[in-house]
Amino acid sequence: MDTTVPGIRFRPHTGECNFCELHDKLDRDNPLGPAGEAYVRSAAEDMKRLGRGRKYDCVLGVSGGRDSSYTLWYCVVQLGLRPLAVHFNDGFGNPVAGENMVKACRKLGVELRTITSDWRESKDLKIAFLKASTPDIEEGTDIGIATALYGVAAKEGVQRIIIGQSFRTEGIAPLSWNFLDGKYLKAVHRQFGTVPLRKWAPNDPGFHLDVKEMFYYTVLRGIKTVTLLYHLPYVRAEVDALLERELDWVNPGAHYFDDLYQSVIYYLNRVKFNIDRRLFNYSALVRSGQMSRAQALERCRHVNAIEDEKVINLCIKRLGLSREEFEQIVAAPVKTFRDYPNNYGLIRLLRWPIKLASRLRLLPESAYDKYFNCGT
(Lines give C-alpha, C1' and ligand atoms only; values in the text may rest on other atoms or scores of the structure.)
Protein backbone atom coordinates (compact mmCIF):
# COMPACT_ATOMS: atom_id res chain seq x y z
CA MET A 1 0.00 0.00 0.00
CA ASP A 2 1.36 3.44 -0.87
CA THR A 3 0.42 7.11 -0.86
CA THR A 4 -1.96 6.69 -3.81
CA VAL A 5 -4.36 5.35 -1.16
CA PRO A 6 -6.44 8.18 0.40
CA GLY A 7 -6.30 8.27 4.18
CA ILE A 8 -3.24 6.04 4.50
CA ARG A 9 -0.96 6.80 7.45
CA PHE A 10 2.51 5.42 8.16
CA ARG A 11 4.08 5.05 11.59
CA PRO A 12 7.26 7.16 11.55
CA HIS A 13 9.66 4.58 12.98
CA THR A 14 8.32 1.26 11.71
CA GLY A 15 6.83 2.33 8.38
CA GLU A 16 3.74 0.24 9.13
CA CYS A 17 0.50 1.71 7.75
CA ASN A 18 -2.97 1.83 9.24
CA PHE A 19 -4.21 -0.83 6.79
CA CYS A 20 -1.64 -3.28 8.16
CA GLU A 21 -2.81 -2.38 11.65
CA LEU A 22 -6.37 -3.08 10.55
CA HIS A 23 -5.35 -6.47 9.13
CA ASP A 24 -3.70 -7.38 12.45
CA LYS A 25 -6.81 -6.24 14.34
CA LEU A 26 -9.04 -8.42 12.14
CA ASP A 27 -6.62 -11.30 12.69
CA ARG A 28 -6.99 -10.92 16.45
CA ASP A 29 -10.77 -10.53 16.29
CA ASN A 30 -11.21 -13.53 13.96
CA PRO A 31 -8.61 -16.11 15.00
CA LEU A 32 -8.00 -19.30 13.09
CA GLY A 33 -7.24 -22.70 14.63
CA PRO A 34 -9.46 -24.18 17.37
CA ALA A 35 -11.20 -20.84 18.06
CA GLY A 36 -12.08 -20.40 14.39
CA GLU A 37 -13.30 -23.97 14.08
CA ALA A 38 -15.44 -23.57 17.18
CA TYR A 39 -17.03 -20.42 15.79
CA VAL A 40 -17.80 -22.06 12.45
CA ARG A 41 -19.34 -25.12 14.10
CA SER A 42 -21.38 -22.92 16.43
CA ALA A 43 -22.59 -20.79 13.50
CA ALA A 44 -23.56 -23.94 11.59
CA GLU A 45 -25.54 -25.30 14.54
CA ASP A 46 -27.28 -21.96 14.90
CA MET A 47 -28.28 -22.04 11.22
CA LYS A 48 -29.55 -25.61 11.49
CA ARG A 49 -31.60 -24.67 14.56
CA LEU A 50 -33.14 -21.68 12.80
CA GLY A 51 -33.76 -23.75 9.68
CA ARG A 52 -35.56 -26.56 11.48
CA GLY A 53 -38.87 -27.20 9.73
CA ARG A 54 -37.87 -25.02 6.79
CA LYS A 55 -36.52 -25.90 3.37
CA TYR A 56 -33.24 -23.99 3.80
CA ASP A 57 -30.85 -23.26 6.66
CA CYS A 58 -29.33 -20.21 4.99
CA VAL A 59 -29.01 -18.14 1.84
CA LEU A 60 -25.57 -18.26 0.24
CA GLY A 61 -24.37 -15.79 -2.39
CA VAL A 62 -22.65 -17.42 -5.37
CA SER A 63 -20.88 -16.05 -8.43
CA GLY A 64 -18.97 -19.02 -9.82
CA GLY A 65 -15.66 -17.59 -8.65
CA ARG A 66 -13.23 -19.26 -6.28
CA ASP A 67 -14.39 -17.75 -2.99
CA SER A 68 -18.12 -18.40 -3.28
CA SER A 69 -17.61 -21.84 -4.85
CA TYR A 70 -15.42 -22.96 -1.97
CA THR A 71 -17.81 -21.48 0.60
CA LEU A 72 -20.68 -23.41 -0.99
CA TRP A 73 -18.67 -26.67 -1.00
CA TYR A 74 -17.58 -26.18 2.61
CA CYS A 75 -21.10 -25.43 3.85
CA VAL A 76 -22.58 -28.54 2.24
CA VAL A 77 -19.77 -31.09 2.54
CA GLN A 78 -18.07 -30.04 5.78
CA LEU A 79 -20.94 -28.50 7.72
CA GLY A 80 -23.97 -30.38 6.38
CA LEU A 81 -25.97 -27.21 5.78
CA ARG A 82 -28.92 -26.84 3.38
CA PRO A 83 -28.20 -23.55 1.64
CA LEU A 84 -30.21 -21.85 -1.06
CA ALA A 85 -27.62 -20.58 -3.54
CA VAL A 86 -28.49 -17.10 -4.83
CA HIS A 87 -26.86 -15.40 -7.80
CA PHE A 88 -27.41 -11.80 -8.88
CA ASN A 89 -27.37 -11.36 -12.65
CA ASP A 90 -26.92 -7.85 -14.03
CA GLY A 91 -26.11 -8.92 -17.59
CA PHE A 92 -22.31 -9.01 -17.34
CA GLY A 93 -21.63 -12.46 -15.90
CA ASN A 94 -18.69 -14.47 -17.20
CA PRO A 95 -20.06 -17.61 -18.95
CA VAL A 96 -17.26 -19.70 -17.42
CA ALA A 97 -18.35 -18.63 -13.94
CA GLY A 98 -21.97 -19.33 -14.86
CA GLU A 99 -21.08 -22.91 -15.78
CA ASN A 100 -19.18 -23.24 -12.50
CA MET A 101 -22.29 -22.29 -10.52
CA VAL A 102 -24.54 -24.73 -12.36
CA LYS A 103 -22.07 -27.62 -12.03
CA ALA A 104 -21.36 -26.95 -8.37
CA CYS A 105 -25.02 -26.76 -7.39
CA ARG A 106 -25.86 -29.87 -9.37
CA LYS A 107 -23.02 -31.90 -7.85
CA LEU A 108 -23.84 -30.72 -4.33
CA GLY A 109 -27.61 -31.04 -4.68
CA VAL A 110 -28.20 -27.36 -3.97
CA GLU A 111 -30.96 -25.24 -5.48
CA LEU A 112 -29.62 -22.30 -7.50
CA ARG A 113 -31.84 -19.24 -7.70
CA THR A 114 -30.80 -16.43 -10.03
CA ILE A 115 -32.13 -12.95 -9.36
CA THR A 116 -32.00 -11.11 -12.67
CA SER A 117 -32.09 -7.36 -12.38
CA ASP A 118 -34.29 -5.22 -14.57
CA TRP A 119 -31.85 -4.64 -17.43
CA ARG A 120 -33.08 -1.08 -17.96
CA GLU A 121 -32.37 -0.20 -14.33
CA SER A 122 -29.05 -2.03 -14.20
CA LYS A 123 -27.77 -0.51 -17.44
CA ASP A 124 -28.98 2.96 -16.46
CA LEU A 125 -27.19 2.77 -13.09
CA LYS A 126 -23.93 1.69 -14.69
CA ILE A 127 -24.04 4.59 -17.13
CA ALA A 128 -25.06 7.00 -14.34
CA PHE A 129 -22.03 6.06 -12.24
CA LEU A 130 -19.73 6.37 -15.23
CA LYS A 131 -21.06 9.90 -15.73
CA ALA A 132 -20.77 10.64 -12.00
CA SER A 133 -17.00 10.30 -12.51
CA THR A 134 -16.33 8.56 -9.18
CA PRO A 135 -14.40 5.32 -8.53
CA ASP A 136 -17.59 3.61 -7.29
CA ILE A 137 -18.26 2.24 -10.77
CA GLU A 138 -19.77 -1.00 -9.47
CA GLU A 139 -22.12 0.62 -6.93
CA GLY A 140 -25.31 -0.66 -8.58
CA THR A 141 -24.08 -4.24 -8.78
CA ASP A 142 -22.71 -4.22 -5.22
CA ILE A 143 -26.03 -3.00 -3.83
CA GLY A 144 -27.96 -5.30 -6.21
CA ILE A 145 -26.09 -8.33 -4.85
CA ALA A 146 -26.87 -7.34 -1.26
CA THR A 147 -30.55 -6.68 -1.94
CA ALA A 148 -30.89 -9.96 -3.85
CA LEU A 149 -29.61 -11.85 -0.80
CA TYR A 150 -31.75 -9.91 1.68
CA GLY A 151 -34.83 -10.13 -0.55
CA VAL A 152 -34.59 -13.90 -0.98
CA ALA A 153 -33.88 -14.39 2.73
CA ALA A 154 -36.96 -12.33 3.61
CA LYS A 155 -39.10 -14.22 1.10
CA GLU A 156 -38.02 -17.63 2.38
CA GLY A 157 -38.05 -16.72 6.07
CA VAL A 158 -34.31 -17.40 6.37
CA GLN A 159 -32.34 -15.51 9.01
CA ARG A 160 -28.75 -16.16 7.93
CA ILE A 161 -26.89 -15.03 4.81
CA ILE A 162 -23.46 -16.49 4.06
CA ILE A 163 -21.02 -14.58 1.88
CA GLY A 164 -17.69 -15.89 0.62
CA GLN A 165 -15.31 -13.09 1.54
CA SER A 166 -12.00 -13.19 3.37
CA PHE A 167 -9.99 -10.19 4.53
CA ARG A 168 -6.92 -12.44 4.50
CA THR A 169 -7.08 -12.87 0.72
CA GLU A 170 -8.92 -9.75 -0.44
CA GLY A 171 -8.30 -7.02 2.10
CA ILE A 172 -10.82 -4.22 2.55
CA ALA A 173 -11.09 -1.47 -0.06
CA PRO A 174 -10.23 2.09 1.01
CA LEU A 175 -13.41 4.00 1.73
CA SER A 176 -13.11 6.55 -1.08
CA TRP A 177 -12.44 3.78 -3.62
CA ASN A 178 -15.60 1.87 -2.76
CA PHE A 179 -18.30 3.67 -0.78
CA LEU A 180 -21.40 1.50 -0.40
CA ASP A 181 -24.45 3.63 0.38
CA GLY A 182 -28.05 3.51 -0.82
CA LYS A 183 -28.61 7.27 -0.48
CA TYR A 184 -25.51 7.92 -2.59
CA LEU A 185 -26.78 5.54 -5.28
CA LYS A 186 -30.11 7.33 -5.46
CA ALA A 187 -28.45 10.76 -5.60
CA VAL A 188 -26.28 9.76 -8.56
CA HIS A 189 -29.26 8.14 -10.24
CA ARG A 190 -31.38 11.27 -9.80
CA GLN A 191 -28.70 13.39 -11.46
CA PHE A 192 -27.61 11.10 -14.28
CA GLY A 193 -30.22 8.33 -14.57
CA THR A 194 -33.07 8.23 -17.07
CA VAL A 195 -35.01 5.10 -16.01
CA PRO A 196 -37.10 5.27 -12.79
CA LEU A 197 -36.15 2.71 -10.16
CA ARG A 198 -39.05 0.48 -9.20
CA LYS A 199 -40.29 0.82 -5.64
CA TRP A 200 -38.91 -1.20 -2.76
CA ALA A 201 -40.70 -4.32 -1.59
CA PRO A 202 -39.34 -6.62 1.16
CA ASN A 203 -39.16 -9.63 -1.16
CA ASP A 204 -38.16 -7.63 -4.25
CA PRO A 205 -35.98 -4.71 -3.10
CA GLY A 206 -34.39 -3.95 -6.47
CA PHE A 207 -31.60 -1.40 -5.91
CA HIS A 208 -32.93 0.03 -2.63
CA LEU A 209 -30.72 -0.48 0.43
CA ASP A 210 -30.71 2.64 2.56
CA VAL A 211 -30.70 2.94 6.35
CA LYS A 212 -34.39 2.13 6.76
CA GLU A 213 -34.15 -0.99 4.57
CA MET A 214 -31.13 -2.20 6.52
CA PHE A 215 -33.04 -1.62 9.76
CA TYR A 216 -35.94 -3.67 8.41
CA TYR A 217 -33.82 -6.64 7.33
CA THR A 218 -31.35 -6.75 10.21
CA VAL A 219 -33.39 -5.59 13.21
CA LEU A 220 -37.02 -6.35 12.38
CA ARG A 221 -36.39 -9.55 10.42
CA GLY A 222 -33.30 -10.63 12.38
CA ILE A 223 -31.26 -11.43 9.28
CA LYS A 224 -27.54 -11.71 10.01
CA THR A 225 -24.59 -12.02 7.64
CA VAL A 226 -22.02 -14.77 8.26
CA THR A 227 -18.54 -14.56 6.72
CA LEU A 228 -17.29 -18.09 7.31
CA LEU A 229 -13.98 -17.58 5.50
CA TYR A 230 -12.95 -15.07 8.15
CA HIS A 231 -12.61 -18.05 10.49
CA LEU A 232 -11.16 -20.72 8.18
CA PRO A 233 -7.58 -21.31 6.97
CA TYR A 234 -8.41 -20.32 3.42
CA VAL A 235 -5.41 -20.73 1.09
CA ARG A 236 -6.12 -19.98 -2.55
CA ALA A 237 -3.56 -22.34 -4.10
CA GLU A 238 -4.95 -25.29 -2.14
CA VAL A 239 -8.57 -24.31 -2.82
CA ASP A 240 -8.10 -24.25 -6.59
CA ALA A 241 -6.99 -27.87 -6.61
CA LEU A 242 -9.86 -28.91 -4.35
CA LEU A 243 -12.50 -27.17 -6.45
CA GLU A 244 -11.17 -28.62 -9.69
CA ARG A 245 -11.25 -32.10 -8.16
CA GLU A 246 -14.56 -31.88 -6.31
CA LEU A 247 -16.68 -29.59 -8.49
CA ASP A 248 -15.00 -29.65 -11.91
CA TRP A 249 -14.43 -25.94 -11.36
CA VAL A 250 -12.71 -23.84 -14.03
CA ASN A 251 -10.83 -20.65 -13.17
CA PRO A 252 -12.70 -17.72 -14.83
CA GLY A 253 -9.33 -16.19 -15.74
CA ALA A 254 -8.59 -13.79 -12.88
CA HIS A 255 -9.83 -12.92 -9.41
CA TYR A 256 -13.15 -11.04 -9.72
CA PHE A 257 -13.45 -12.04 -13.38
CA ASP A 258 -16.71 -13.84 -12.68
CA ASP A 259 -17.97 -10.36 -13.62
CA LEU A 260 -16.87 -9.25 -17.11
CA TYR A 261 -17.50 -5.61 -16.21
CA GLN A 262 -14.41 -5.81 -14.01
CA SER A 263 -12.40 -5.23 -17.22
CA VAL A 264 -13.96 -1.77 -17.48
CA ILE A 265 -13.54 -1.11 -13.77
CA TYR A 266 -9.83 -1.96 -13.68
CA TYR A 267 -9.19 0.03 -16.86
CA LEU A 268 -10.93 3.15 -15.56
CA ASN A 269 -9.34 2.79 -12.15
CA ARG A 270 -5.89 2.80 -13.74
CA VAL A 271 -6.21 5.42 -16.49
CA LYS A 272 -8.62 7.84 -14.81
CA PHE A 273 -8.36 7.48 -11.04
CA ASN A 274 -4.76 6.29 -10.57
CA ILE A 275 -6.11 3.38 -8.56
CA ASP A 276 -4.74 -0.15 -8.51
CA ARG A 277 -7.07 -2.35 -6.49
CA ARG A 278 -4.39 -5.02 -6.38
CA LEU A 279 -2.63 -2.91 -3.75
CA PHE A 280 -5.05 -3.94 -1.02
CA ASN A 281 -5.73 -7.40 -2.51
CA TYR A 282 -2.05 -8.33 -2.68
CA SER A 283 -1.23 -6.67 0.64
CA ALA A 284 -3.76 -8.99 2.28
CA LEU A 285 -2.11 -12.00 0.63
CA VAL A 286 1.33 -10.80 1.73
CA ARG A 287 0.15 -10.32 5.31
CA SER A 288 -1.40 -13.80 5.20
CA GLY A 289 1.78 -15.43 3.89
CA GLN A 290 0.20 -16.45 0.57
CA MET A 291 2.33 -14.15 -1.60
CA SER A 292 5.75 -12.59 -1.20
CA ARG A 293 6.07 -8.82 -1.16
CA ALA A 294 8.54 -8.99 -4.05
CA GLN A 295 6.06 -10.98 -6.12
CA ALA A 296 3.27 -8.53 -5.34
CA LEU A 297 5.39 -5.51 -6.31
CA GLU A 298 6.47 -7.19 -9.54
CA ARG A 299 2.88 -7.98 -10.53
CA CYS A 300 1.81 -4.40 -9.84
CA ARG A 301 4.41 -3.13 -12.29
CA HIS A 302 2.35 -4.67 -15.10
CA VAL A 303 -1.18 -3.92 -16.28
CA ASN A 304 -3.64 -6.39 -14.78
CA ALA A 305 -4.54 -9.16 -17.24
CA ILE A 306 -8.19 -8.55 -16.38
CA GLU A 307 -8.02 -5.43 -18.59
CA ASP A 308 -8.98 -7.27 -21.78
CA GLU A 309 -9.59 -4.82 -24.62
CA LYS A 310 -12.07 -7.14 -26.32
CA VAL A 311 -14.08 -7.49 -23.12
CA ILE A 312 -13.95 -3.73 -22.50
CA ASN A 313 -15.34 -3.08 -25.98
CA LEU A 314 -18.01 -5.74 -25.45
CA CYS A 315 -19.12 -4.10 -22.18
CA ILE A 316 -19.20 -0.63 -23.73
CA LYS A 317 -21.30 -1.95 -26.60
CA ARG A 318 -23.65 -3.74 -24.19
CA LEU A 319 -24.23 -0.43 -22.41
CA GLY A 320 -25.20 1.14 -25.73
CA LEU A 321 -22.29 3.60 -25.66
CA SER A 322 -19.92 4.43 -28.49
CA ARG A 323 -16.19 4.35 -27.81
CA GLU A 324 -16.15 8.12 -28.30
CA GLU A 325 -18.82 8.59 -25.62
CA PHE A 326 -16.88 6.30 -23.32
CA GLU A 327 -13.65 8.24 -23.82
CA GLN A 328 -15.49 11.46 -22.97
CA ILE A 329 -16.44 9.84 -19.68
CA VAL A 330 -12.79 8.86 -19.14
CA ALA A 331 -11.71 12.48 -19.74
CA ALA A 332 -14.24 14.04 -17.33
CA PRO A 333 -12.89 15.55 -14.07
CA VAL A 334 -12.47 13.08 -11.20
CA LYS A 335 -14.95 13.22 -8.32
CA THR A 336 -15.67 11.18 -5.18
CA PHE A 337 -18.77 10.17 -3.27
CA ARG A 338 -18.44 13.41 -1.28
CA ASP A 339 -19.51 15.37 -4.36
CA TYR A 340 -23.01 13.85 -4.09
CA PRO A 341 -25.60 13.55 -1.29
CA ASN A 342 -24.82 10.52 0.88
CA ASN A 343 -25.20 9.03 4.35
CA TYR A 344 -21.58 9.47 5.44
CA GLY A 345 -22.44 12.15 7.99
CA LEU A 346 -25.21 9.98 9.46
CA ILE A 347 -22.90 6.96 9.48
CA ARG A 348 -20.34 8.94 11.47
CA LEU A 349 -23.06 9.88 13.98
CA LEU A 350 -24.06 6.21 14.27
CA ARG A 351 -20.48 5.09 14.88
CA TRP A 352 -21.15 3.21 18.12
CA PRO A 353 -24.42 1.53 17.05
CA ILE A 354 -22.64 0.36 13.87
CA LYS A 355 -19.76 -0.98 15.94
CA LEU A 356 -22.20 -2.87 18.15
CA ALA A 357 -24.11 -4.20 15.13
CA SER A 358 -20.85 -5.43 13.60
CA ARG A 359 -19.88 -7.21 16.81
CA LEU A 360 -23.34 -8.80 17.03
CA ARG A 361 -23.00 -9.67 13.32
CA LEU A 362 -26.23 -7.93 12.43
CA LEU A 363 -23.87 -6.36 9.90
CA PRO A 364 -20.78 -8.06 8.42
CA GLU A 365 -17.89 -8.07 10.90
CA SER A 366 -15.91 -5.66 8.72
CA ALA A 367 -18.72 -3.08 8.33
CA TYR A 368 -17.47 -0.88 11.16
CA ASP A 369 -13.86 -1.03 9.99
CA LYS A 370 -14.90 -0.27 6.42
CA TYR A 371 -16.42 3.08 7.37
CA PHE A 372 -14.10 4.08 10.20
CA ASN A 373 -10.69 2.42 9.70
CA CYS A 374 -10.18 2.39 5.91
CA GLY A 375 -9.19 5.95 5.18
CA THR A 376 -11.40 9.01 5.01
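**The largest cavity and its lining**

Modeller: Both α1 (18-29) and α12 (278-287) contribute at least two residues to the lining of the largest cavity; helices here are DSSP runs of H or I with at least four residues, numbered from the N terminus. The model is a predicted one, in which local features need pLDDT of at least 70, side-chain atom pairs count only at pLDDT 80 or more, and totals for chains, interfaces and linings use all residues. Residues are numbered from 1 along each chain as its sequence is written, and side-chain values use heavy atoms, with hydrogens and water left out.

A cavity is a set of points, on a 1 Å grid over the protein atoms alone, where a 1.4 Å probe fits but cannot get out; lining residues have an atom within 4 Å of a point. The count comes to one cavity of 30 Å³ or more. The largest cavity holds about 150 Å³ of space, a volume being the space filled by probe spheres set on the points, which are joined across faces, edges and corners.

Its lining consists of 14 residues, and those nearest the centre are Phe-19, His-23, Gly-171, Ile-172 and Phe-280. With five residues, α1 gives the most to this lining. By class, the lining of the largest cavity has 10 nonpolar residues, three polar and one charged. In this scheme Ala, Val, Leu, Ile, Met, Phe, Trp, Tyr, Cys and Pro are nonpolar, Asp, Glu, Lys and Arg are charged, and the others, Gly among them, are polar.

Notes
1 Å grid on protein atoms, 1.4 Å probe; cavity = no way out; pocket = protein on both sides within 12 Å on 5 of 7 lines; lining within 4 Å.
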